[in-house]
Amino acid sequence: MFPVEVSSTGADIDGERVLLSVIRDISERKQVQAELDLLRRALIASDQAIVITDSNSVIEWVNPAFTALTGYHAEEAIGRHTRILRSGKQDQAFYATMWAEILSGRTWRGTLINRRKDGSRYHEELAITPVKQENGVIAHFITVKQDISVRVQREQQQRALRQLSAAMRVAQSCAELMQTVVHELQALAAAQSVVFWRFKDEGWQIEQLAGEAIRFDWVADRLATVGSDTIPSEPTPPIVLPGGELVVVPLTGSVCPEYRLWVAITLLASEPFSAVTIELLRATTEIIGNALYRTELFEKVQQANAELRQAYDATIEGWARALDLRDHETEGHSRRVTELTMQIAARMGFGAEELVYIRWGALLHDIGKMGIPDAILRKPGPLDEQEWAIMRTHPTLAVELLRPISFLAPALDIPWCHHEKWDGTGYPRGLRGEEIPLAARIFAVVDVYDTLTSDRPYRAAWSHERALSYIREQSGRHFDPQVIEVFVSLFATQASLVSQSASKDSYHA
């Protein structure tokens, strides 16, 4: 069985009336027609907009998806140029590149912003394919396009959130964080004014502002209706005010559910807020809220650490004063050697955190002498061999005293090792060269210098020049040569430090 087409006609042949018929097999034609019908139905049913134009981009056919995308019905679009969709967002160079591609016979694929019949803009992804005649001349273009506005909006939102998060990460304090947030949101939402508010005992108070000065009573009146127990959980619908539209964005956080921020951001814009902007603001609430919570918590921890460190510092200074008062010959010694040690350590690259422990170690360098009998410590004359053996135990006594105090562990280098020598002949462990911690090597130079330039019952103080000459002589033996270089340069470039370091003023409690 196969389809046929029959054509018949009557004729007289030899005086006899006959019927002449021509029968044609139309199986191939039927197949082609079926394929064309199928293709037409497919084009009509496609959820992607399809446009067929002539070689001059005049529209010849569109499917229903085109109408759904652009708002133009077939009868409105057919016969018109495709430029009716142009939004003005692409320049001539863009279209020149596109036309160069398709006129060369290749398919052009890309994205652009077009305009619907109602004037609204949308993002679309499209492919334009030239259709050639048998002679190779382009007769038509077929364009397949789809709306990617939602995808683009999500990508833009993700970029905006990443940009906001990156900007917030740089902030070192709540004040910096709030300043960053209001300026970033002002740019993202194209707002005239962005204000950071916090609910306090006296009501809503402004903490940060970006943008134009506005009548804050408009905003305050709105916030006054939002009490601390009724603060919304997401951005409010835009409120029309004399200055434009206002949106209230409460800040929430998931890091600590029990913690409530009582913070809101208001944005005022002269143009209506788009749904995309409102969605973006909704997405920022938790990010900003969590960042603010973490920053406030970090500041509280920093404050607590600072107060604790101040308490430690006061305690250590008290111990140092007690040592100086016990040994009247060295009164003020701890203060002077600490100040000079800190200056040299800073020059040699120690950071702020390390300098704290160097300071504590310098103040407590002779804490082990608490375990040395007064008869030895206050002896007016030279010590004998047995007494020296006892005196040399004070670094070890210092370690035994301080090691159980965990926060002083990083400060042990100086009390334990400041009597070690570069050539390994020091005590208590006979360390050599860089086996000796750098902080102790620095302190050793300062300690000897201050001792030499201070009066003792058994000798008068040396002059600065004589003491400095001795320090240089001991380079590579008692002292680290590199430390000596920094020590000498310090006096050479900052002459005022000589009198400051050599001052013998009493240490006042």
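Predicted model: local features only at pLDDT ≥ 70, side-chain atom pairs only at ≥ 80, totals over all residues.
Buried means under 20% relative accessible area, exposed means over 50%, and partly exposed is what lies in between.

The chain has 509 residues, of which 41% count as buried. Its elements are 18 helices and 12 strands. Among contacts between residues at least 6 apart in sequence, 54% join residues at least 24 apart.

On confidence, the average pLDDT of the chain is 82, and 87% of the residues score at least 70. Which elements have the lowest and the highest mean pLDDT? The lowest, 46, belongs to helix α18, residues 496–502, and the highest, 95, to helix α2, residues 64–70. The pLDDT is below 50 over residues 496–509, a stretch that has 24 contacts in the model beyond near neighbours in sequence.

Next, helix α5, residues 149–170. Its 22 residues reach 32 Å from first C-alpha to last, close to the 32 Å expected at 1.5 Å a residue. The buried residues of α5 include Val152, Ala160, Leu161, Leu164 and Met168. In general, an α-helix has 3.6 residues a turn, so residues three or four places apart point the same way.

Is Gln157 buried or exposed? Gln157 counts as buried, because its relative accessibility is 15% and the cut-off is 20%. Leaving aside neighbours within four places in sequence, Gln157 is in contact with Glu279, Leu280 and Ala283. From Gln157 to Leu281 the separation is 124 residues in sequence, but 9.5 Å in space, C-alpha to C-alpha.

Now a helix pair. Two packed helices are described by the angle between their axes and the distance between the axes. For α15, residues 438–452, and α16, residues 464–473, the axes come within 9 Å and cross at roughly 145°. The crossing of α15 past α16 is right-handed. Which residues meet there? From α15 they are Val445, Val448, Tyr449 and Leu452, and from α16 they are His464, Ala467, Tyr470 and Ile471. By type, the contact has seven nonpolar residues, one polar and no charged.

Back to Arg459, which lies in the loop between these helices, α15 and α16. Apart from neighbours within four places in sequence, Arg459 is in contact with Thr451, Leu452 and Ser454. Leu452 is also one of the α15 residues that meet α16.

Last, backbone geometry. Most residues other than glycine have a negative phi, and most peptide bonds are trans. There are some exceptions to go through.

Ser57 has a positive phi, near 70°, and sits in the loop between β3 (49–54) and β4 (59–62). With a relative accessible area of 5%, Ser57 is buried.

Ala190 also has a positive phi, near 50°. Its place is the loop between α6 (174–189) and β8 (193–200). Ala190 counts as exposed because its relative accessibility is 62%, and the threshold is 50%.

Where is Pro428 found? Pro428 is in the loop between α14 (413–417) and α15. The peptide bond joining Tyr427 and Pro428 is cis, with omega about 10°.

Conventions: Residues numbered from 1 in each chain as written. Heavy atoms only, no water. Helix = DSSP H or I, 4+ residues; strand = E, 2+ residues; numbered from the N terminus. Expected span 1.5 Å × (residues − 1). Buried < 20%, exposed > 50% of the residue type's maximum accessible area, 1.4 Å probe, protein only. Axes fitted to C-alpha atoms, helices over the stretch in contact; angles between N-to-C directions. Left-handed = near helix turned anticlockwise from the far one by under 90°. Contact = heavy atoms within 4.5 Å. Nonpolar A, V, L, I, M, F, W, Y, C, P; charged D, E, K, R; others polar. pLDDT = per-residue confidence, 0-100.
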